[in-house]
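These are my notebook entries on what I looked up, one topic at a time.

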Amino acid sequence: MTRAAPVTRGGSGRLILVALALVCGGFAVTGLPPSEPLVTTYGAASPTAHVLGQVTGLSLLVAGSLALLAGRARPPGALLVAAGVLWFAPDWAGWEGGVPLVRGVAAGVAPLLPVLLLAVLASLVGGRRARLACLAAGVVIGALSTGFVAVDDPFLDPACWPTCSDSAVLVTSRPDLADLLGQALAVARVVLGVAVGAAVVGRLVRASALSRRWERGLLGAMALTGGSEAAYGLALLARVESAEDSLFVASYLARAGAWTLLALTSVELTWRHRARRRALSRLAVDLERAPAPGSLAVTLRAVTGDRHLEVLYPVGRDGRHVSADGAAAAEATGTGRTSTPLRRGTQTVALLVHDLAVLPVDALDQVLGPAARLALENERLAAEGLARMHDVQASRRRIVTAGDEARRRLERDLHDGAQQSLLALAYTVRVARGAAGRSGQGVALAELDLGLAKTQAALDDLRDLAHGIHPAVLSEAGIGVALRSLAERSEVPLELAEVSAERFEPSIELAAYAVVRDATERAARQDAEVLVVRVLHRDDVLVLLVDGAPGEVPPEIHDRVGALGGRVAVTGTRVRVELPCGS
Amino acid sequence: MRVVIADDTMLTREGIARVLADAGVEVVASVGDPESLVREVIRTRPDAAVVDIRMPPTHTDEGIVAAGRLRQEAPGIGVLLLSSYVEPDYAMRLLESQPGGIGYLLKDRVFDGVLLVDALRRLRDGETVVDPTIVARVFERRRRVDPLATLTEREREVLALLTEGLSNQALAGRLHVTERTVEAHITSIFSKLGLVDEPGVHRRVLAVLTYLRA
């Protein structure tokens with residue numbers, strides 16, 4: 001089971017990061033000079049680049065701060081704040097009038113920006129492998145970058161990028177090595193950008209519709225960012241970087257646009273996240289006010305947009321789960337779905353089956369107070385009661401249908417066994433009688449005639465018995481034909497005013513037949529004049545109307561109809577039976 | 001007369017064969033399933049076949065299906081279907097599905113050799129055979145307004161025999177009257193019941209059964 005990443009707690013750490021973002025933002029806006037005699041930043045090259053660059057960095061800082069304040073887990077606000085800080089790093093590195101140490105450190109950390117993009121992706125994907133990949137990329141690029149600033153001597157750089165001043169972090173001047181490390185850093189940027197772009201596209205393709213809807217904005221922005229970083233890396237490999245080269249300016253603008261988009265989509269996610277949290281809080285309050293059964297599932301579906309979200313309740317000790325209406329539910333979790341228990345104390349009171357991506361389970365866990373959990377427990381108890389009732393109903397139905405099936409088999413056995421044997425006996429007696437007649441044995445003839453008559457009577461009795469056990473015509477030809485046959489046997493005229501010619505489930509047909517047969521028997525006992533029967537099929541219900549039957553409907557009829565989920569209503573001499581028949 | 005018997009129960013098959021042999025009818029083949037029945041009928045070309053309705057494989061209406069095939073393979077053959085059920089609906093379904101020369105008898109009727117042979121002869125002569133018990137059941141049905149009440153005793157007797165599938169000629173023989181008298185009775189009955197006399201014994205039987213069961 002995959003759990004959502006924990007929400008950032010620990011308020012002070014969060015606030016420190018937010019404060020850092022504010023300070024950095026303030027410096028960025030007020031501290032950085034827009035132009036210098038030497039153009040060693042893109043901001044200094046054109047007002048458009050300057051404004052866009054500021055907007056990009058600030059929006060990353062704001063997006064990160066908002067995410068931190070909202071307590072959102074994915075992507076972590078801290079990463080966005082860090083991205084905002086790193087975004088400004090080249091400006092600090094290229095600030096000719098700045099503190100040399102700041103310039104050197106800024107130049108050293110600036111290449112780490114794409115690593116943060118990978119980190120954002122890792123936070124979305126989750127898991128050890130993603131975190132390790134992220135760490136490895138950070139270590140490699142960090143080492144390359146540290147090596148670069150340690151050997152790169154700005155005095156020997158003919159392009160003066162990002163600075164011509166002395167470097168405070170220079171250890172030894174090695175132009176050839178610096179060149180090599182610079183190339184390696186550019187390659188790393190290309191690799192990282194392409195990898196993130198490909199991974200994002202893969203995730204978009206594989207994700208469930210729901211998580212795609214939830215994350216597609218952010219993922220799209222990340223793909224663009226990855227692409228723009230890779231393009232920047234390619235440009236670095238092809239030419240010497242300069243703010244006067246239109247290729248690099250275009251690359252800078254593309255990166256700025258992509259990172260800004262990433263910040264904006266993150267803000268949008270934060271906004272939706274907040275809305276969801278609010279809805280959850282409302283839900284928690286609602287739960288405390290004893291809501292209607294099933295409302296938790298409805299509300300959670302609306303909050304998360306996961307239309308297939310289910311709230312299941314454990315029943316008994318057999319590990320079975322049911323929905324709020326007591327209907328049996330499989331805890332099957334399809335691809336991309338998971339289940340999360342909600343507990344009261346140590347007891348699981350409900351189980352959420354939901355899309356992997358969307359439910360802030362921990363957020364829900366946080367907002368559910370003791371009263372809400374008690375309400376959930378109540379809903380679970382109600383569901384359990386309903387489930388038990390369903391069980392009993394299903395059991396009643398099984399008992400009735402098993403009994404019917406046994407009687408049907410018994411009838412078949414009588415027909416194929418005893419009846420056939422009696423018939424064979426009758427043939428034998430018949431042939432013996434013929435022989436006795438031809439040889440003039442008068443006494444034997446009379447006895448054999450008697451035997452034949454008795455065999456015939458036994459056959460008639462057996463046939464009536466078999467028909468009484470189960471009317472074969474009912475299972476072979478259906479309720480309409482069986483009722484016509486019943487009409488021909490009935491002692492009281494039985495009029496079939498309207499009888500559906502459809503076939504129904506055997507137990508339904510048998511129940512309807514039993515109602516009419518019982519009515520004919522009662523009518524015969526009470527000398528009724530006529531019975532009028534109607535069998536109608538209305539909206540998945542077989543409606544049986546018997547008019548003219550006096551007296552009480554016996555309990556076994558009520559039981560039989562009830563076992564099939566139907567009901568019997570008696571008004572005067574009218575019996576109305578409704579049997580749900582599914583189709 | 002040459003007859004083929006088809007019934008999946010050996011005891012019944014042998015019983016029928018003995019009763020028929022006792023009555024002087026030649027049993028040319030005795031089989032236990034529909035496939036063998038069709039094969040033997042094609043091979044031996046009998047006058048009639050006595051067929052159990054319930055036969056393998058499903059033990060439901062194989063006999064009726066086999067009857068249809070027999071009438072294609074050997075036109076003119078009389079087919080007498082045997083059933084254990086006193087269900088008028090089964091008889092009617094049979095009559096509806098076949099054009100004539102077909103009969104429905106209860107199995108326990110069959111040990112009366114005379115009756116059985118009479119039924120087979122009637123089938124050979126193109127009449128229809130409906131078991132008297134079935135006819136009696138239809139006639140005895142309790143009704144709030146009984147249409148049969150308007151008939152005279154004699155007319156009811158004629159109608160019952162007519163429903164059993166007897167032709168006018170056979171009716172006249174059975175009642176010891178002339179065919180003209182029978183025709184007069186039938187005209188009177190049909191006009192009292194508001195029925196149109198259908199041509200052919202088979203369709204006439206169906207018309208009456210349908211009317212009485214409505």
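This is a predicted model: local features need pLDDT of at least 70, side-chain atom pairs count only at pLDDT 80 or more; totals for chains, interfaces and linings use all residues.

Entry 1: B:Pro57 has its place in the loop that lies between strand 3 (48-52) and helix 3 (62-73) of chain B. I noted the bond because most peptide bonds are trans.

**Entry 2: chain B as a whole.** I then looked up the totals for this chain, which has 10 helices and six strands. Chain B has 214 residues, and 58% of them count as buried. Taking the contacts in chain B between residues at least 6 apart in sequence, I found that 66% join residues at least 24 apart. The chain exposes about 8600 Å², and carbon and sulfur atoms supply 51% of that area.

**Entry 3: two aspartates in a loop of chain A.** I found A:Asp539 in the loop between strand 7 (531-538) and strand 8 (541-547) of chain A. A:Asp540 is also in the loop between strand 7 and strand 8, and its phi is positive too, near 65 degrees. A:Asp540, at 38% relative accessibility, counts as partly exposed.

**Entry 4: strand 5 of chain A and its partners.** I looked up strand 5 (residues 347-355) of chain A and found that seven of its nine residues are buried, so the strand is largely enclosed by the rest of the structure. Strand 1 (residues 310-315) of chain A runs antiparallel to strand 5, and three bridges join the two. Strand 4 (residues 337-344) of chain A also pairs with strand 5 in the antiparallel sense, over eight bridges. I followed A:Leu351 of strand 5 to both partners: A:Leu312 stands opposite A:Leu351, and A:Pro341 has A:Leu351 as its bridge partner. Strand 4 and strand 5 form a hairpin with two residues between them, and A:Gly345 in the turn has a positive phi of about 65 degrees.

**Entry 5: a buried serine.** I found A:Ser65 in helix 3 (residues 47-70) of chain A. At 10% relative accessibility, A:Ser65 counts as buried. Leaving out residues up to four places away in sequence, I listed what A:Ser65 touches: A:Val18, A:Ala21 and A:Val81.

**Entry 6: two packed helices in chain A.** How do helix 4 (residues 77-93) and helix 10 (residues 246-288) of chain A pack? Their axes are 12 Å apart and the angle is about 160 degrees, which makes helix 4 roughly antiparallel to helix 10. Helix 4 makes the contact with A:Leu80, A:Ala83 and A:Trp87, while from helix 10 I noted several residues, including A:Tyr252, A:Trp259 and A:Ser266. The crossing of helix 4 and helix 10 is left-handed.

Technical notes. Residues are numbered from 1 along each chain as its sequence is written. Chains are lettered from A and ligands numbered from 1 in the order in which they are written. Side-chain values use heavy atoms; hydrogens and water are left out. Helices (H or I, at least four residues) and strands (E, at least two) are DSSP runs, numbered from the N terminus. Buried means under 20% relative accessible area, exposed over 50%, partly exposed in between (1.4 Å probe, protein chains only). Two strands pair if DSSP finds at least two bridges between them. Contact means heavy atoms within 4.5 Å. Accessible areas come from the Shrake-Rupley method with a 1.4 Å probe; for residues, only the protein chains shown count as cover. Axes are lines fitted to C-alpha atoms, for helices over the stretch in contact, and angles run from 0 to 180 degrees between N-to-C directions. Angles under 35 degrees count as roughly parallel, over 145 as roughly antiparallel, 65 to 115 as roughly perpendicular and the rest as oblique. A crossing is left-handed if the near helix is turned anticlockwise from the far one by less than a right angle, and right-handed if clockwise.
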